[in-house]
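Here's a quick briefing for anyone meeting this structure for the first time. Have a look at it, then read on.

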Amino acid sequence: MKLVIFDLDGTLIDSGEDITASVNELLEDAGRNPLSIAQVRDYVGSGVTKLVERALPGSATGELDRAVSRYREIYRRRLLEHTVAYPGVAEALRALRPRCKSAVLTNKPLLESRMILEGLELDKFFFSVYGGDSFARMKPDPIGVERLLAEGEAEPTEALLVGDTEVDFETARNARIASCLVAYGPTPYRTRSLDADYRVTDLRELVALI
């Protein structure tokens, strides 16, 4: 492989507590009941607008836009309160660095993604990082993968997308590249039936596949 593209939440980082706390602060402001971390984790993966829309069902368009802006303000205060890299992530990325190019493609907004990667000292491992607001369309659209293939000078047969949700699997399929699903993320039950090319229980297992 010449290029490995990583999802962020649930793949490289465990951000569930900080996202849930931010969602619940938003709900408290709106006079709504809090959600459990399990509920919020089920809402993650399709971008911040979908997350807020799922947490605040029935919101009008203008209300939803304001809620998204408010959520991002809240979340930026909490980005690294409890968020950590999963065990083995730094070691795996370090081992992969001399073997291939690595990038991040997430549906999380780019600013927050970069702040987290820098705060956890993971940014040095990636030649490029793209978020959910980097392109006209988010994953599972292949536009982000196509950009990274061009930047990384890799053919689809030389690339692998590593993620934890059906969105990541569908993105790889739409871009015609190989897929690897992680089993340690927050919602592995969502991907058990998917026919991924590879599965790992620890990101360090990925090194032997490259």
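Let's start with Glu 112, which is found in helix H6; helices (H or I, at least four residues) and strands (E, at least two) are DSSP runs, numbered from the N terminus. This is a predicted model, where local features need pLDDT of at least 70 and side-chain atom pairs count only at pLDDT 80 or more, while totals for chains, interfaces and linings use all residues. Residues are numbered from 1 along each chain as its sequence is written, and side-chain values use heavy atoms, with hydrogens and water left out.

**Glu 112 and its partner**

- Glu 112 has a relative accessible area of 1%, so it counts as buried (buried means under 20% relative accessible area, exposed over 50%, partly exposed in between, using a 1.4 Å probe and protein chains only).
- Leaving aside neighbours within four places in sequence, Glu 112 is in contact with Arg 72, Tyr 75, Arg 76 and Leu 79 (contact means heavy atoms within 4.5 Å).
- With one of these, Arg 76, Glu 112 forms a salt bridge, the closest N and O atoms being 3.3 Å apart (a salt bridge is a side-chain nitrogen of Lys or Arg within 4 Å of a carboxyl oxygen of Asp or Glu).
- Glu 112 sits in helix H6 (residues 110-119) and Arg 76 in helix H4 (residues 61-78), so the pair ties together parts that are 36 residues apart in sequence.
- Arg 76 itself counts as partly exposed, at 34% relative accessibility.

**Other salt bridges**

- How many salt bridges does the structure hold? The total is 17.
- Side chains of opposite charge can pair when their charged atoms come close.
- An α-helix has 3.6 residues a turn, so residues three or four places apart point the same way.
- Glu 53 is partly exposed at 36% relative accessibility, and Lys 50 is partly exposed at 38%.
- Glu 91 and Arg 204 also meet through their side chains in a salt bridge, 3.9 Å from N to O.
- That pair links distant parts of the chain, 113 residues apart: Glu 91 is in helix H5 (residues 89-96), and Arg 204 is in the loop between strand E8 (198-200) and helix H9 (206-209).
- Glu 91 is partly exposed, with a relative accessible area of 40%, and Arg 204 is partly exposed too, at 39%.
- There's also a network of salt bridges, which links Glu 25, Asp 29, Arg 70, Glu 73, Arg 77, Arg 78 and Glu 81.

**H1 against H3**

- Two packed helices are described by the angle between their axes and the distance between the axes.
- Helix H1 (residues 16-29) packs on helix H3 (residues 48-55) at an angle of about 55°, with the axes 11 Å apart (axes are lines fitted to C-alpha atoms, for helices over the stretch in contact, and angles run from 0 to 180 degrees between N-to-C directions).
- H1 and H3 are therefore oblique to each other (angles under 35 degrees count as roughly parallel, over 145 as roughly antiparallel, 65 to 115 as roughly perpendicular and the rest as oblique).
- Where do the two helices meet? Ile 19, Val 23, Leu 26 and Leu 27 in H1 touch Leu 51, Val 52 and Ala 55 in H3.
- By class, the residues of that H1–H3 contact are seven nonpolar, no polar and no charged (Ala, Val, Leu, Ile, Met, Phe, Trp, Tyr, Cys and Pro count as nonpolar, Asp, Glu, Lys and Arg as charged, and the others, Gly among them, as polar).

**H1 against H4**

- H1 also packs with H4, at an angle of about 135° and with axes 9 Å apart.
- H1 and H4 are therefore oblique to each other.
- On the H1 side the contact includes Asp 18, Ser 22 and Glu 25, and on the H4 side it includes Ala 67, Tyr 71 and Arg 78.
- The contact of H1 with H4 has eight nonpolar, one polar and six charged residues.

- Thr 165 lies in the loop between E6 and H8, and it is buried, with a relative accessible area of 5%.
- Apart from neighbours within four places in sequence, Thr 165 is in contact with Leu 181, Arg 190 and Thr 191.
- In helix H8 (residues 166-175), the buried residues are Val 167, Asp 168, Phe 169, Thr 171, Ala 172 and Ala 175.
- What covers them includes helix H7 (143-151), strand E6 (159-163) and strand E7 (178-182).
- Just after H8, Arg 176 takes a positive phi of about 60°.
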